[in-house]
Amino acid sequence: MVFDMYQEFILDYYRHPRNFGTLPHPDMISHDVNTSCGDEVTMQVLVKDDRIGNIRFTGKGCAICIASSSMLTEHALGKTLDEVSRFTKDDVLNLISIPISCVRLKCALLGLKVLKLGVYQFLGKKLEVQDEN
Amino acid sequence: MRLVSRFNPLDVRKDFPFFEKGLVYLDTAATAQKPKAVLESMTECYVEHNANVHRGVYALAQEATDLYEGARKRVAKFINASSGEIVFVRNATEAINLVAQSWGRANISKGDVILVTVMEHHSNIVPWQMLAKSAGASLEFVPVSKDGLLDMDAARLSLRKKPKLFAFTHVSNVLGAVNPAKELIALAHREGVPVLLDASQSVPHVRLDVGELGVDFLVFSGHKLYGPHIGVLYAKRSLLEAMEPVLGGGDMIKEVALSHSTWNDAPWKFEAGTPNVSGAVGLAAAMDYLDALGFDAIASHEKDIMDYALEGLDSLGCVAIYGPRDRVGVISFNFGDMHAHDVSSVLDESGVCVRSGHHCAQPLMGELKIPACARMSFGVYTTRSDIDRAMEALRKAKVVFGL
């Protein structure tokens, strides 16, 4: 049921996204767009002792995209870059804990893709397509 | 061909096997469903008359050629052109690219300006950007006024500067606004500016007459016209004759020697390789079908649906509608503070198909200052009960989204 997708906490994260905004001197900035729908997310991270010291995101997108990106920033805060670089699709799906239809999967995973893009760039690694999932 | 004396959408709907699925299809502006007559004409083309065209001397090959060229005549008649002015291509996008790559390369040079509008579909922006980049030309855009109409004063001013071409859409695929094509073409011609008209969103709704419009180039897609995936480029004969082909190969040549080749006459010189015969035949059948319904009847039916849907959306109380009240084919809207994808997902759950996103019109989205919108679009088969089901789904969505 698609209605299960729009539980109160998802709408709350959409309307009041946590960690929404920018950082004054971020160590990494990453950005990507879902070409099929136009959703876009930018992540900014401050690195402290190889960990996510602070994190903010901005973006335009649907409730699923904004809520999942926001939850991901909360989840990533304080984690080591190595841990974040190994975040998977299932980690995000567990975080948002709502049923996601396959057409909306891209919305849910855009934040993850952008965050990993930034971390991989920072670590000097290349994000392979299969890593997105 | 089926003749309907009085337009009844419920009868019309029976002609479209698609609706057996029980879906409410409100995305006709993206692609229209196909009537049985179109599907049958295409099947018959493959079962009864399949041979390569313009080739064999056996009777069957001649039948196939006659069908294909007959379809060209039918398309010409539909827009009041002559068949030598009709080029079959893949879609409207390809037709615009053909003009850009052929006419454009020969006529646009460094420092020239190509005039378009901000309400264009990407297909009427990107080919000109590509041409401008290679030729050292630039693009200028006619803006949209606050009421969602083309800014005519700005268009006049831009035309006075004599751009090399004015390319614009007849009907916006987002706003539904109908641009005064005849007036704009006359204004452009007064300045000696040739015009390309993108009729993709108008041809399913209004009767087009290239003679009356006086337009130089006109493009549209068959699949939005209840036909198959084929496109049409109309160009005035003198233009087509002067234009160089873009694709080389079989059928587009008169003679081929090892050192050089000579081109076939227009329109065939633009149709390299085996063409989409069943597509052309299906498109001709779609035109027969629409003519039998009658454009006056189609227009009055679609206006009824449009007004009914606008009323319904207004009554929801949380809907922002983009574009003028007086419109054709589409209603683009946003629902409270929800993103269009969320609206579309919830409608999908109720079996209602609406488009969401930027509608291949990102510059216009920027102008409207929205990232995306949802869009309902209508056709000959749309009924008031489709709209009722959509409104019911939106009322449900209102509760789900806490609006």
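Two residues are in contact here when heavy atoms of theirs lie within 4.5 Å. This is a predicted model, where local features need pLDDT of at least 70 and side-chain atom pairs count only at pLDDT 80 or more, while totals for chains, interfaces and linings use all residues. Residues are numbered from 1 along each chain as its sequence is written, chains are lettered from A and ligands numbered from 1 in the order in which they are written, and side-chain values use heavy atoms, with hydrogens and water left out.

**View 1. Chain B meets chain A.** On the chain B side, 16 residues are in contact with 18 residues of chain A. The size of an interface is often given as the accessible area lost when the parts come together. For these two chains the buried area is about 1400 Å², with 59% of that coming from carbon and sulfur atoms; buried area is the accessible area (1.4 Å probe) that two parts lose on being put together, summed over both. There are also 9 residue pairs in polar contact across the interface, both residues being at pLDDT 80 or more. A polar contact is a pair of N or O atoms within 3.5 Å; within protein, one must be able to donate a hydrogen and the other to accept it, and residues adjacent in sequence count only if both atoms are side-chain atoms. On chain B, α12 and α14 (384-400) each bring at least two residues to the side that touches chain A, and α12(B) gives the most, with 5 residues. Helices (H or I, at least four residues) and strands (E, at least two) are DSSP runs, numbered from the N terminus.

**View 2. Two salt bridges link the chains.** Side chains of opposite charge can pair when their charged atoms come close. In a salt bridge, a side-chain nitrogen of Lys or Arg sits within 4 Å of a carboxyl oxygen of Asp or Glu, and the count between chain B and chain A is 2. In one, D342(B) meets R104(A) at 3.0 Å, N to O. D337(B) and R15(A) also pair up, at 2.7 Å, N to O. Here D337(B) sits in the loop between β12 and α12 of chain B, and R15(A) belongs to helix α1 (residues 8-15) of chain A.

**View 3. A four-stranded sheet in chain B.** Follow the order β11-β12-β15-β14 through this open sheet of 4 strands with antiparallel pairing; two strands pair if DSSP finds at least two bridges between them. At the edges are β11 (319-322) and β14 (355-357) of chain B, each pairing on one side only. Look for G357(B) opposite C373(B) in β15(B). Helix α11 (residues 295-316) of chain B packs on the sheet, touching β11, β12 (330-335) and β15, and makes about 10° with the direction of β12(B). Helix α12 (residues 340-349) lies across β12, β14 and β15 of chain B, at about 160° to β14(B). Axes are lines fitted to C-alpha atoms, for helices over the stretch in contact, and angles run from 0 to 180 degrees between N-to-C directions.

**View 4. Back-to-back hairpins in chain A.** Strand β1 (residues 28-33) runs antiparallel to β2 (residues 40-48), joined by 6 bridges, with M28(A) partnered by V45(A). Between these strands are 6 residues, and G38(A) takes a positive phi near 90°. Next, β2(A) pairs with β3 (residues 51-60) over 9 antiparallel bridges. That hairpin has 2 residues between its strands, and D49(A) in the turn has a positive phi of about 55°.
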